[in-house]
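Here is a colleague's note for a reader who is new to reading protein models. Please keep the sequence and the 3D view open while going through the points.

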Amino acid sequence: MSNVYILGGSQTDFARNWHREGLDIYAMFREALESAVTDADIEPAQIQVGHVGNFVADLFCGQGLLGGFFAHVYPELAGIPTSRHEAACASGSMAMLGAIRDIESGHYDIACVLGLELMRNVDGQTGADYLGAAAWRGQEAE
């Protein structure tokens, strides 16, 4: 088994309301990625694979494919393999586990993991309905 190390990290402000600022999930992705790359003190081109943990951006933002954002932030990342991991509240953890397995397998040396959610851009009832996707519809929640 290979050793796996976390080189850097970043966290956006949970109190911030991106929607009120006129910003979207891409803006959040960009800020988190740029900050993490700076903190890790690496060049973006060193990233070989990307993992994104997200629950229901397709519902909240109409955006299901998030991995393509890597290349929009850093064009040199065009063509890297990316994946989105969904596990309700554990989506970010699953993305991290996917990256760890990529490194342990020897396929990649540097993986980038982002966990992000934008859920304050809709009214409360709509948000609750969207979050209900984590329950068994018709059985656990109505």
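1. Basis of the model. This is a predicted model, in which local features need pLDDT of at least 70 and side-chain atom pairs count only at pLDDT 80 or more, while totals for chains, interfaces and linings use all residues. Residues are numbered from 1 along each chain as its sequence is written, and side-chain values use heavy atoms, with hydrogens and water left out.

2. The largest pocket. About 1200 Å³ of space lies in the largest pocket, where a pocket is an open set of points on a 1 Å grid over the protein atoms alone, at which a 1.4 Å probe fits, with protein on both sides within 12 Å along at least five of seven lines. Its lining, meaning residues with an atom within 4 Å of a point, comprises 47 residues, and those nearest the centre are Ser10, Val113, Leu114, Gly115 and Leu116. At least two lining residues come from each of α1 (25–40), α4 (91–104) and β3 (111–115); helices (H or I, at least four residues) and strands (E, at least two) are DSSP runs numbered from the N terminus. By class, 31 of the lining residues are nonpolar, eleven are polar and five are charged, with Ala, Val, Leu, Ile, Met, Phe, Trp, Tyr, Cys and Pro counted as nonpolar, Asp, Glu, Lys and Arg as charged, and the others, Gly among them, as polar.

3. Ser91 lies in helix α4 and counts as buried because its relative accessibility is 2% (buried means under 20% relative accessible area, exposed over 50%, and partly exposed in between, with a 1.4 Å probe and protein chains only). The side chain of Ser91 reaches the backbone nitrogen of Ala87 at 2.8 Å. Asn54, placed in the loop between β1 (49–53) and α2 (57–60), is also buried, at 0% relative accessibility. Its side chain reaches the backbone oxygen of Leu116 at 2.6 Å and the backbone nitrogen of Val56 at 3.5 Å. Beyond four places in sequence, Asn54 touches residues including Ile25, Leu66, Ser91 and Leu116, where contact means heavy atoms within 4.5 Å.

4. The aromatic rings. How many aromatic pairs does a search of the whole structure find? The search finds four, a pair being rings of Phe, Tyr or Trp (its six-membered ring) whose centres lie within 6.5 Å, with planes under 30 degrees apart counted as stacked, over 60 as edge-to-face and the rest as tilted. Phe29 and Phe69 form an edge-to-face pair, 5.5 Å centre to centre with 75 degrees between the planes. Phe29 lies in helix α1 and Phe69 in helix α3 (residues 69–73), so this pair ties together parts that are 40 residues apart in sequence. Phe29 and Phe70 also pair edge-to-face, at 5.0 Å and 85 degrees, and Phe29 and Phe70 are both buried. Tyr26, Phe29, Phe69 and Phe70 form one aromatic cluster.

5. Tyr108. Leaving aside neighbours within four places in sequence, Tyr108 is in contact with Gln48, Val49, Pro81, Asp102 and Ile103.

Conventions. Grid points are joined across faces, edges and corners, and a volume is the space filled by probe spheres set on the points. A polar contact is a pair of N or O atoms within 3.5 Å; within protein, one must be able to donate a hydrogen and the other to accept it, and residues adjacent in sequence count only if both atoms are side-chain atoms.
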